[in-house]
Amino acid sequence: MTIQMAPTDVPSGPRKVAGPREPQPDCPFCPRLVSFREENRAKFPDWFNAPVPSFGPADVELLIVGLAPGLKGANRTGRPFTGDFAGVLLYETLLRYGLASGTYAERPDDGLVLTGCMITNSVRCVPPQNKPLPDEIAACRVFLSGVLADMPNLRAVLALGRIAFDTVIRAAGLKPSQFKFGHGEAVDIAKGLKLFGSYHCSRYNTNTGRLTPEMFHGVFDKIAAHLGRSGQDARTE
Ligand code: SF4
């Protein structure tokens, strides 16, 4: 595993950055996303249609950061990656590595419990065409900073995709230009805290073969090694 060190002294880290962890259901910060939210509330009144909260316990060592809720996935169900195509590979992998227990059935009431990680998104509201704008990513970063600050045992962050990777770096008070994103690569962003990069487990990436399940599992092998866990031996199948 290539570990890229921060070019200057590694800071004491995001744990010192205070901030709210979860947005209010009517968070007003991103006008375009607020309009889209209102449109979706009118069109799909039974859906969640609000900023999707983080999922999982805060006292774990691993945080997984995605990009944004999918319209018919997390925006519909209210749980990150739940009902999204990307959630299938992600939750199967978490179960395989002993980071979750139960069964993933693409519903927020499926009883799945995260036991070894928390999941959150860089942008909490669903963006049109799955594409948040830079200002929206910047506005929502305050909540990611809040999550990072609220995880006292955090030792690893997994960023799904380049945007999430850069957002975590900024949330940690560092500059993305000083770090290189790579699938399976890790960088130090604070003392004892590594940021791992992975291609996003999106439908596009998995259908095109850019990301295979084996490649995705490879990143979790590296995280497990960093955390001193037994990796896929923890699976229950
Ligand atoms: S994306 Fe984040 S900052 Fe923007 S409105 Fe939604 S919760 Fe608020």
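Before selecting anything, one term: a residue is buried if 20 or more other C-beta atoms lie within 10 Å of its own, exposed if 12 or fewer, and partly exposed in between, with C-beta atoms placed from the backbone. Helices (H or I, at least four residues) and strands (E, at least two) are DSSP runs, numbered from the N terminus.

Residue numbers start from 1 along each chain as its sequence is written. What you see is a predicted model, where local features need pLDDT of at least 70, side-chain atom pairs count only at pLDDT 80 or more, and totals for chains, interfaces and linings use all residues.

**The whole protein.** Show everything as a cartoon: there are seven helices and eight strands. Of the 237 residues, 47% count as buried.

**Confidence.** Now color by pLDDT, the predictor's confidence in each residue, from 0 to 100. The mean is 91, and 89% of the residues reach 70 or more. Select residues 1-17, where the pLDDT is below 50. Then try residues 233-237, where pLDDT stays under 50 as well. Where pLDDT is low, the predicted coordinates should not be read in detail.

**Helix α5.** Select residues 162-171. Which residues of α5 are buried? They are I163, A164, F165, D166, T167, V168, I169 and A171. Step past the helix to G173, whose phi is positive, near 85°.

**Where α4 meets α5.** On the α4 side, show I137, R141, L144, S145 and L148; on the α5 side, I163, T167, V168, R170 and A171. Being in contact means that the C-beta atoms of two residues, placed from the backbone, lie within 7 Å.

**The ligand.** Last stop: select the ligand and what surrounds it. How many residues surround the ligand? There are 13, and the closest are P23, C27, C30, C125 and C140; a residue is near if its C-beta atom, placed from the backbone, lies within 6 Å.
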